[in-house]
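Reader: I would like to go through this model label by label. Please set each value against its cut-off.

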Amino acid sequence: MAEEKNSQRFFTPSFLLSALAVFVIGSFIGVSLFTFVYARGYSYLGNDPETCINCHVMERQYDGWLTGSHTDVATCNDCHAPHDNIVHKYYVKGENGFWHGLKFTTGWYPENIEIREKNRTVTNNACLHCHADLTSDMHLTNNDEQIQCTHCHVSVGHESR
C-alpha cells in the first residue's frame, strides 16, 4: 500500500508534463544536431567556396563563380557576408544557413534562385568595402542615396551563362 502511494506521488501531472517537455526538447535537439552534421552545416563556419555546393541547387552559382572575374580574389563570404564585425557576419551566415537549409530541404525555392533584398545590401556593402579606392567619390547619387553596385554589375562574381 505504501509503495502504491509513493508511485502515485511520483507520477503527478506536473511530473508527466515535465517528462514530456524534456522528451520533446531532447528530440528536437537530437534531430537538429543530426541534421546539422548530416548536412555538413559545420562547413558553413569556414570560408571554402565548395561549401556552397553542399546543396546541388547552388552548382550553377558555383560554376558561375569559377568562371567569373572574382574567382582568384574573393570567396563566397567576401561578397555575401558583412565586413563590419564578426557578430554581424555570423548572424547573417546563421540566418542565411537556416533559410537555405529549410528551403533546400523542403524544395520551396524558385528554379531561378535570386538574392533577397537584405542580402543584396550586404553584397553591395561588400563591393564598397573591397573597392573603396574606386568608389569613395561615386557611391552617392544626386539624392545622397547609395549606389547599388549590383544594379549594373549583376553578373560580377557569378558569370552569367
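Reader: What makes Cys52 count as partly exposed?

Author: Its relative accessibility is 24%. Buried means under 20% relative accessible area, exposed over 50%, and partly exposed in between (1.4 Å probe, protein chains only). Cys52 at 24% therefore counts as partly exposed. A word on the basis: this is a predicted model, where local features need pLDDT of at least 70, side-chain atom pairs count only at pLDDT 80 or more, and totals for chains, interfaces and linings use all residues. Residues are numbered from 1 along each chain as its sequence is written, and side-chain values use heavy atoms, with hydrogens and water left out.

Reader: How many disulfides does the structure hold?

Author: The count is 0. For Cys52, the nearest cysteine sulfur is that of Cys76, 3.2 Å away. A disulfide is a pair of cysteine sulfur atoms within 2.5 Å. Cys52 is in no disulfide.

Reader: Why is Cys149 called buried?

Author: Its relative accessibility is 13%. The limit is under 20%, so Cys149 counts as buried.

Reader: What makes Arg116 and Glu95 a salt bridge?

Author: Their side chains meet at 4.0 Å, N to O. The rule asks for a side-chain nitrogen of Lys or Arg within 4 Å of a carboxyl oxygen of Asp or Glu. By this rule the count comes to 3 salt bridges.

Reader: Where do the partners Arg116 and Glu95 lie?

Author: Arg116 is in the loop between helix 5 (86-106) and helix 6 (117-130). Glu95 is in helix 5, and 21 residues separate the two. Helices here are DSSP runs (H or I, at least four residues), numbered from the N terminus.

Reader: Are Arg116 and Glu95 buried or partly exposed?

Author: Glu95 has 16% relative accessibility, so it counts as buried. Arg116 has 31%, so Arg116 counts as partly exposed.

Reader: What does the salt bridge of Glu95 and Lys118 tie together?

Author: The side chains meet at 3.0 Å, N to O. Glu95 lies in helix 5 and Lys118 in helix 6, so the pair ties together parts that are 23 residues apart in sequence. Lys118 is partly exposed, at 45%.

Reader: How far apart are the closest N and O atoms of Arg120 and Glu117?

Author: They are 3.5 Å apart, and the pair forms a salt bridge. Both residues lie in helix 6, 3 residues apart, about one turn of the helix. An α-helix has 3.6 residues a turn, so residues three or four places apart point the same way. Arg120 is partly exposed at 23%, while Glu117 is exposed at 54%. Elsewhere, shared partners join Glu95, Arg116 and Lys118 into one network of salt bridges.

Reader: How do you know what span is expected for helix 2?

Author: The expected span is 1.5 Å times one less than the number of residues. Helix 2 (residues 13-38) has 26 residues, and 38 Å is expected. The span from its first C-alpha to its last is 37 Å, close to that value. Just after helix 2, Arg40 takes a positive phi of about 55°.

Reader: What share of the chain is buried?

Author: Buried residues make up 20% of the 161 residues. The chain has 8 helices and 0 strands (E runs of at least two residues).
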